[in-house]
Each structure stands twice: as C-alpha cells, then as structure tokens.
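Open the model in your viewer, switch to the cartoon view, and let's walk through it strand by strand.

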Amino acid sequence: MNGSTPAGADGPAHVLVDGVEKTYLKKGGAPVHALRPVRLDLRRGEFLSLVGPSGCGKTTLLMIMAGLLDASGGTVSLDGAPVRAGDPRISVAFQQPTLLRWRTVWDNVILPSKIMGRLDAAARTRAEELLELTGLASFKKHYPHELSGGMQQRAAIARSLVSQPDLLLMDEPFAALDEFTREKLNDELLRLWSGREMTVVFVTHNISEAVYLSDRVAIMAPRPGRLIEVTDVPLARPRTPAIRGDEDYFRRVRDTRALLDHTSDESSDRQEAGDAR
Ligand code: ADP
Ligand code: MG
C-alpha cells in the first residue's frame with residue numbers, strides 16, 4: 001500500500017505539506033530546482049522518514065517544514081495553522097548536535113525554554129526526566145567536549161523535547177555515529193517518541209534505519225529533487241532489536257532499497273539524456 005495520505009486518517013491532516021517547492025536563486029548563476037512540488041500529509045503521532053541520495057532535497061524540505069526556509073511555492077501547516085520560524089510547536093535536531101561548548105549539558109538542555117521565556121518548574125522537571133531517560137543524569141554539569149558523540153546527540157535530543165513539540169524534525173541526527181551507537185539511539189528515540197503525542201519526520205539515507213523506525217517511508221530522488229513514493233511499514237510496534245533478524249523486516253528493507261535504486265537509475269538516465277541534449 002502506497003500513498004501520501006496515512007492509512008486510517010480521518011479529519012484534516014495534522015501536518016500538511018501542500019505543493020511545497022523550492023528553487024534556489026543565485027546572483028549571476030543558474031537557478032537550482034531543489035524540490036519539485038511535494039504533497040504529504042501526516043497524522044498526529046506518526047513517524048515518517050524521508051530517504052534518498054544526497055542532493056534530493058531532504059534538508060530543503062525539512063527546513064521549509066520547520067518554517068526556517070521560505071518555499072518558492074506551496075504551504076506547510078500544522079493543525080491548520082501555517083508553520084513559521086521559531087514556531088514553539090516544532091523542534092529541529094541536526095546531524096551535528098549544535099551544543100554550546102561553553103555551557104554545561106544542563107544549561108544546553110534548558111536553553112531553548114529559557115530563550116522562549118518558558119522555563120518554569122514543569123520545564124525543569126521535564127529536562128530532568130529527559131536527562132534521566134537519555135542516561136545523562138550524572139553528566140548534567142559536564143561540558144559537551146567531555147561527552148562522546150552519542151552522548152552529545154542524546155543531549156541534543158533531550159533539548160529538543162523539553163518544549164514538548166507537536167512536531168520533531170530530525171536531519172540525519174545519527175549519521176555521524178558508529179553503527180552500534182546509532183542502533184542504540186534508534187531504540188532510545190523510539191522509546192522517547194512512544195510515550196508522547198509527537199509526530200516525527202526523520203531524514204536519513206540509511207534505509208534499514210528508516211524502516212526500523214517508521215510508520216511510513218517517503219522516498220525521494222535527485223535531479224530534480226522530488227518525492228517519488230510513500231510506502232507503509234506495517235511492522236508491529238514496539239519495534240525491538242529482535243526484529244532486525246526478522247525475515248519480514250529484512251524484506252521491507254530490501255523492497256525499499258529496490259525502489260530507491262530504481263529511482264536513482266531513472267534519475268541518472270534522465271541526467272544523461274539531459275546532458276546529451
Ligand atoms: P539533501 O539534504 O537531500 O542532500 P538539499 O536539500 O541539501 O539535499 O539540497 C537539494 C539541492 O539544492 C542540491 O542540489 C543542493 O546543491 C541545492 N541547494 C541546497 N541549498 C542551497 C542553497 N542555499 N543555494 C543553492 N543551492 C542549494
Ligand atoms: Mg541534507
């Protein structure tokens with residue numbers, strides 16, 4: 001089953017990406033058509049991954065969804081209201097944990113709430129709980145450089161959840177980590193997500209990771225960047241490390257990879273045809 005509309009959804013979409021496209025204009029240079037119009041809707045609490053090779057517009061789409069980049073056309077709305085820069089309903093996590101190196105883990109984790117003037121007792125309690133859940137409780141007074149890469153990314157994820165976002169946007173958050181740490185963080189992320197009414201859009205070019213985590217996987221292709229297909233991942237939840245050995249999981253990873261290979265072949269054919277003209 002494929003489609004850009006989640007199965008079983010009723011009522012208006014929670015997140016609606018409606019005809020979003022992006023052309024980067026450079027002074028004196030040719031315009032870059034980074035993203036052809038994308039339509040995507042997500043239900044509340046859904047976990048969706050965007051996968052595709054470098055340059056297919058994943059970051060562009062994610063930044064537009066965050067309200068941090070203007071689209072050339074189309075709209076993104078959350079519960080019917082357009083997203084905007086600094087939207088308190090949205091948190092973003094990047095590949096680099098972007099912790100301030102001169103602040104302790106605790107100060108980093110509470111910083112966004114502080115900046116937004118929302119650092120009340122409840123936010124402090126949530127920060128404490130999140131540090132506990134991410135195994136960082138005893139590292140509160142440490143500085144980022146005293147932590148491993150995995151721990152830094154955990155701190156960044158804790159930070160992104162203190163504000164209780166409706167929508168968490170993650171751009172290859174685990175790409176710089178070793179496989180072992182990445183798998184552990186996948187499980188931690190699922191644990192953090194499952195207890196919340198939070199929708200996640202997760203960018204990765206790791207197909208196994210996308211299938212492991214997601215309710216649906218959106219496949220993108222480059223030149224020009226576009227959304228090709230959205231596939232369901234009807235594997236039971238909770239997902240646990242044991243499913244990594246399951247035939248069903250394996251088959252889904254293989255099918256998703258085949259779709260991606262197919263689309264990149266098409267893209268390079270198109271590119272070659274274009275080059276020949
Ligand atoms: P991905 O995250 O999938 O690797 P991006 O969204 O970063 O893709 O980029 C999509 C396309 O847009 C690429 O061809 C990239 O070179 C181009 N692009 C990204 N940002 C800019 C920019 N600020 N100016 C011009 N072109 C850009
Ligand atoms: Mg990117």
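**Stop one: the four-stranded sheet**

Begin with the open sheet whose four strands run in the order β2-β1-β4-β5, paired antiparallel. Keep in mind as you look around that this is a predicted model. Now colour the two edges: β2, residues 32-42, and β5, residues 81-82, each pair on one side only.

Next, select residues 73-78, which make up strand β4, together with β5; the two pair in the antiparallel sense over two bridges.

**Stop two: the six-stranded sheet**

Move on to the other sheet on this tour, an open one of six strands in the order β6-β7-β8-β3-β9-β10, with mixed pairing. Select 90-93 for β6 and 226-232 for β10: these strands stand at the edges with a single partner strand each, so one side of each has no neighbour in the sheet. Look across the strands too, because neighbouring ones are turned by 15° against each other on average, direction ignored.

Finish inside this sheet by selecting residues 47-51 (β3) and 199-204 (β8), which pair in the parallel sense over five bridges.

How values were computed: Residues are numbered from 1 along each chain as its sequence is written. Chains are lettered from A and ligands numbered from 1 in the order in which they are written. This is a predicted model: local features need pLDDT of at least 70, side-chain atom pairs count only at pLDDT 80 or more; totals for chains, interfaces and linings use all residues. Side-chain values use heavy atoms; hydrogens and water are left out. Two strands pair if DSSP finds at least two bridges between them. Axes are lines fitted to C-alpha atoms, for helices over the stretch in contact, and angles run from 0 to 180 degrees between N-to-C directions.
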